[in-house]
Amino acid sequence: MTTPWTMTRRAVTTLFVTNALAVAPGVALAQHVRSLPPPRKDIGKPLMQALQARRSTREFATRPLPEQVLADLLWAAYGVNRASGDRTAPYWRHIMVIDVYAVMADGAWLYEPASHALRKHLAADLRAQTGIQDFVGTAPLNLVYVVHGERMTDISAEGRRLYASVDAAFAGQNVYLYCASEGLATVFRGAVDYERLAHALQLPDGQFVAFAQTVGYAAA
């Protein structure tokens, strides 16, 4: 006779997983990885033309970004550009403290530069929580620059935010130049409810949001 105290290990495991998913429906399975096409490195305007075209935009169409454009954009932001594993953007003391999250209608995804892939972090549409301006909720993509403060062990909390903000800004400028080159619209944003966004992303202790950046096509 089976009682609540004699349930099989499989039954207990199934019950635990079912309850966990019911409690946290926004949590995605860690195994959900989305491979990206290789970045196209032979496209784009000359640097001086991209600098001339660089600007901030705050009115976006809802049109989604093609997968190839998303792949190129993420590589430009913080991709691996040499055999050593170093990135397209410089970083503090040669310690990688920045993660780039791609927040879209189909969830929040963590960009993994080494494999050039997106790993599903959360299934919920969190775009509206990435900022306090209305356009963030309907633009197709919001990048969130998350800092591993726990890796910056020998400086103050104020110093961590300062140096991490510089690292995020380097990646943000890469995105600006890519967008200027490819006819996309973007804006790098500090207008963020940082605590709310960190909570929505379920960031662990020691990690914090530095900035966000909206990307899409300019509204007609």
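Predicted model: local features only at pLDDT ≥ 70, side-chain atom pairs only at ≥ 80, totals over all residues.
The protein chain contains five helices and seven strands. Read from the N terminus, its elements follow the order α-β-α-α-β-β-β-β-α-β-α-β. Of the 220 residues in the protein chain, 44% are buried. The accessible surface of the protein chain amounts to about 11800 Å², of which carbon and sulfur atoms supply 58%. When contacts between residues at least 6 apart in sequence are considered, 74% of them join residues at least 24 apart.

Strand β5 (residues 141-148) is mostly covered, with eight of its eight residues buried. Leu 141, Leu 143, Tyr 145 and Val 147 point one way from β5, whereas Asn 142, Val 144, Val 146 and His 148 point the other way; residues of both sets are buried. Pairing of β5 with β2 is antiparallel and extends over six bridges. Within this pairing, Asn 142 of β5 is the bridge partner of Val 103. Strand β7 (residues 207-216) also pairs with β5 in the antiparallel sense, over eight bridges. Here Val 146 is placed opposite Val 209 of β7.

Thr 130 is located in the loop between β4 (117-122) and β5. With a relative accessible area of 0%, below the 20% limit, Thr 130 is classed as buried. Its side chain reaches the backbone oxygen of Arg 127 at 2.7 Å. Beyond its neighbours within four places in sequence, Thr 130 is in contact with Val 103, Val 136, Asn 142, Val 144, Arg 189, Val 192, Leu 197 and Ala 212. Two of these contacts, Val 103 and Asn 142, are bridge partners of one another. Asn 142 and Val 144, both in contact with Thr 130, belong to the set of β5 residues that points away from the side of Tyr 145.

Aromatic rings form four pairs in the model. In one of them, the ring centres of Trp 92 and Tyr 163 are 6.0 Å apart and the planes meet at 35 degrees, so the pair is tilted. This pair links distant parts of the chain, since Trp 92 lies in the loop between α3 (67-78) and β2 (98-104) and Tyr 163 in helix α4 (residues 157-182), 71 residues apart. Trp 92 is buried because its relative accessibility is 7%, whereas Tyr 163, at 37%, is partly exposed.

A further tilted pair is formed by Tyr 145 and Phe 188, with ring centres 5.9 Å apart and planes at 40 degrees. Tyr 145 lies in β5 and Phe 188 in strand β6 (residues 185-189), so the pair ties together parts that are 43 residues apart in sequence. The relative accessible area of Tyr 145 is 0%, and this residue is therefore buried; Phe 188, with 23%, is partly exposed. Ring pairs join Tyr 145 and Phe 188 with Phe 211 in a cluster.

Charged side chains are also placed over aromatic faces. Arg 34 lies over the face of Trp 109, at 5.0 Å from the ring centre. Arg 63 is positioned over the face of Tyr 217, and the distance to the ring centre is 3.8 Å.

Conventions: Residues numbered from 1 in each chain as written. Heavy atoms only, no water. Phe/Tyr/Trp six-rings, centres within 6.5 Å; stacked < 30°, edge-to-face > 60°. Helix = DSSP H or I, 4+ residues; strand = E, 2+ residues; numbered from the N terminus. Buried < 20%, exposed > 50% of the residue type's maximum accessible area, 1.4 Å probe, protein only. Lys NZ or Arg CZ within 6 Å of the ring centre and 35° of its normal. Contact = heavy atoms within 4.5 Å. Areas by Shrake-Rupley, 256 points an atom, 1.4 Å probe, with all protein chains shown as cover. Polar contact = N/O pair within 3.5 Å; in protein donor to acceptor, adjacent residues only side chain to side chain. Pairing = 2+ DSSP bridges.
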